[in-house]
Structures are given as structure tokens and as C-alpha cells.
Amino acid sequence: MTELTIAIPTYNNHAQLELCLSTLFRFAPGDYQVLVVDNGAKPVNIVMPEGLGSRVEVLHQGKNLGWCGGLNLALSRCETPLFCMMND
């Protein structure tokens, strides 16, 4: 069972997000879920690095909720006992 959810709010920072996710999965192996909160970026074209499969879920928003609002949304979707906040 997955014990940890990692939340990453982002806004128009797709290149940095891809680097963040690639680094996370390379140096922190384990069983965890990642929730990326897309804070209304235009255009909506977040592309996940290959091989991440179902470990990453992107929550697309119609507007910018801000960093705290994005974290609150991710926290409301969290189903694990542990929650970690990251910034891309």
C-alpha cells in the first residue's frame, strides 16, 4: 500500500516540472503517489517523463489557486497517511 503522497503545485513552469519529476524518481525510489496541481497554465500541455505511469496524477485547474490553494486541493485528494509538499 502506498504510504506517501507528494504534492507539487505548478504554474507555467513545465520544463522545470519535468526536471523535478525526473530527479525525484531517479533519486527517491519507493512507493509513493505524486499529485501535480496545474494552476491554470496556458496552454495545458504538461507532459510527464516516460516511465512514470500511474504514479503521477495531474489535477488541471481553470484558474491559478496559488501555491497554498494548490496544496489544499492536493491535500483534499490525498488518500495516504503521509503528505509531502514540494515546489518545482
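These legends accompany several close-up views of the structure above.

The model is predicted, so local features need pLDDT of at least 70 and side-chain atom pairs count only at pLDDT 80 or more, while totals for chains, interfaces and linings use all residues. Residues are numbered from 1 along each chain as its sequence is written, and side-chain values use heavy atoms, leaving out hydrogens and water.

**View 1**
Helices (H or I, at least four residues) and strands (E, at least two) are DSSP runs, numbered from the N terminus. The protein has 88 residues, of which 36% count as buried; here buried means under 20% relative accessible area, exposed over 50%, and partly exposed in between, with a 1.4 Å probe and protein chains only. Take contacts (heavy atoms within 4.5 Å) between residues at least 6 apart in sequence: 65% of them join residues at least 24 apart.

**View 2. Strand 1 and its two parallel partners, strand 2 and strand 4.**
Strands count as paired if DSSP finds at least two bridges between them. Seven bridges link strand 1 to strand 2 (residues 32–38) in the parallel sense, and Thr5 has Gln33 of strand 2 as its bridge partner. From strand 1 the chain passes through helix 1 to strand 2, making a right-handed β-α-β crossover. Right-handed here means that, with the strands pointing away from the viewer, the path from the first strand over the helix to the second runs clockwise. Strand 4 (residues 82–85) also runs parallel to strand 1, joined to it by four bridges; look for Leu4 opposite Leu82. Six of the seven residues of strand 1 are buried, so the rest of the structure largely encloses this strand.

**View 3. The loop between strand 1 and helix 1, with Asn12 and Asn13.**
This loop runs between strand 1 (4–10) and helix 1 (14–27). Asn12 has a phi near 50 degrees, a positive value in a residue other than glycine. Its relative accessibility is 42%, making Asn12 partly exposed. Asn13 is partly exposed too, at 28%. Do look across to Asp88: its C-alpha atom is separated by 7.7 Å from that of Asn13, although the two residues are 75 apart along the chain.

**View 4. Helix 2 and its buried and exposed residues.**
Gly70, Leu71 and Ala74 are buried in helix 2. Looking down the helix axis, the buried residues fall within an arc of 100 degrees, so they line one face; the arc is taken from the directions from the helix axis to the C-beta atoms. Their cover includes strand 1, strand 2, strand 3 and strand 4. On the other side of helix 2, Cys68, Asn72 and Ser76 are exposed. The 12 residues of helix 2 should span 16 Å at 1.5 Å a residue, and the end C-alpha atoms agree, being 17 Å apart. The expected span is 1.5 Å times one less than the number of residues.

**View 5. The salt bridge between Glu57 and Arg77.**
A salt bridge is a side-chain nitrogen of Lys or Arg within 4 Å of a carboxyl oxygen of Asp or Glu, and by this rule the count comes to one. In the pair of Glu57 and Arg77, the closest N and O atoms are 3.0 Å apart. Glu57 belongs to strand 3 (residues 56–60) and Arg77 to helix 2 (residues 66–77), so the pair ties together parts that are 20 residues apart in sequence. Glu57 is partly exposed at 31%, and Arg77 is partly exposed at 42%.
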